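Q: I would like to learn how to read a sheet and a set of aromatic pairs in a model. Please take me through them.

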Amino acid sequence: HLGLPAYFFHQYSLKNKALMGRYIAGGRRPGQALNAFSSGLYKKNTIWLHDISLNKVLTAKLEKKSDGTDTLTINEYKIPQFYYAVELMDSLKLLAGGAMHNPYKIQVLNLPSGKEIDQFGSITNVPPAVPFYAWKGVFQSFLFLKPSEDKAIEVCRFTDQIEIFDLHSKKSKVVRGPENFEPDFGIMKTNGGADVMYQNDKTRYAYLNGVVTNKFIYLLYSGNNHQSKFKDEGKYIYVYDWKGKPVTKFNLDRYIYGFTVSDDNTMMYAFDRNTGYIIKTPIHM
């Protein structure tokens, strides 16, 4: 057990190779967090963090003081239930997915009130032998919001499937591949009596994480069994456009854990946790 981190965000200068700032401390007090399940940087100036232990979302806008240093005002908002993935939106809204007891794939929350104000993406074609909640867990997904906020994408963990949502029309498009493998899973009851899926000996990981720009979707792919040494790392990045059309595939020279892409789609940065180095490479498409 690694314990609670002192801070969840660290700002590092690649040019100066120096730590520039630390934000959102670990803890139970207001303005602190226990378990950052997902997080991000919104519009280049607002840090956000989803704390699943305390069922809240923290936002903090980075602002410069007159002496050039950063100041931070942290706001926090209670949310009504567990969501597997969330994304901060404009006007203090939250795009959310993975609510186990909801028959829809996507919810939109008003953060100040903590209430769901919209939902879409109904779940259909549940096999008769599979309980609904277990089936929803089988298609557990990461969620990414296009910077222009007109589209979003759910990226499956246990089968190589993505679903692109138009946030205006509420219509979606499912894209399968690159291997088109079916999810392999078991079903068990929790102590509370709920039917949930669990990863068996044949369960494979598909997509691990991703980055989106207004032009492209970049997804880190595994394909490995969940018991593999590299279950949380990948060597392949698949690129799609926002219509779901495959654009290219990058074959990496090492396994990586996380990555990001510049807004103009010209540079990729990744973290090699075996060496502790941040690596970068130009993008050519």
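Sheet and rings

A: Strands β17, β18, β19 and β20 form, in that order, an open antiparallel sheet. Strands are DSSP runs of E of at least two residues, numbered from the N terminus, and two of them pair if DSSP finds at least two bridges between them. This is a predicted model: local features need pLDDT of at least 70, side-chain atom pairs count only at pLDDT 80 or more, and totals for chains, interfaces and linings use all residues. Residues are numbered from 1 along each chain as its sequence is written, and side-chain values use heavy atoms, with hydrogens and water left out.

Q: Which strands stand at the edges?

A: Strands of a sheet pair through backbone hydrogen bonds, either parallel or antiparallel. Here β17 (207-212) and β20 (246-256) each have a single partner strand, so one side of each lacks a neighbour in the sheet. β17 pairs with β18 (residues 216-221) over five bridges, and Asn-209 stands opposite Leu-220 in β18.

Q: How many aromatic pairs does a search of the whole structure find?

A: A pair of aromatic rings is described by the distance of the centres and the angle of the planes. The search finds 12 pairs, counting rings of Phe, Tyr and Trp (its six-membered ring) with centres within 6.5 Å; planes under 30 degrees apart are stacked, over 60 edge-to-face, the rest tilted. Tyr-84 and Phe-142 have centres 6.2 Å apart and planes at 50°, so this pair is tilted.

Q: What are the values for Phe-230 and Tyr-255?

A: Their centres lie 3.8 Å apart with planes at 5°, so the pair is stacked. Phe-230 is in the loop between β18 and β19 (234-241) and Tyr-255 in strand β20, 25 residues apart.

Terms used. Helix = DSSP H or I, 4+ residues; strand = E, 2+ residues; numbered from the N terminus.
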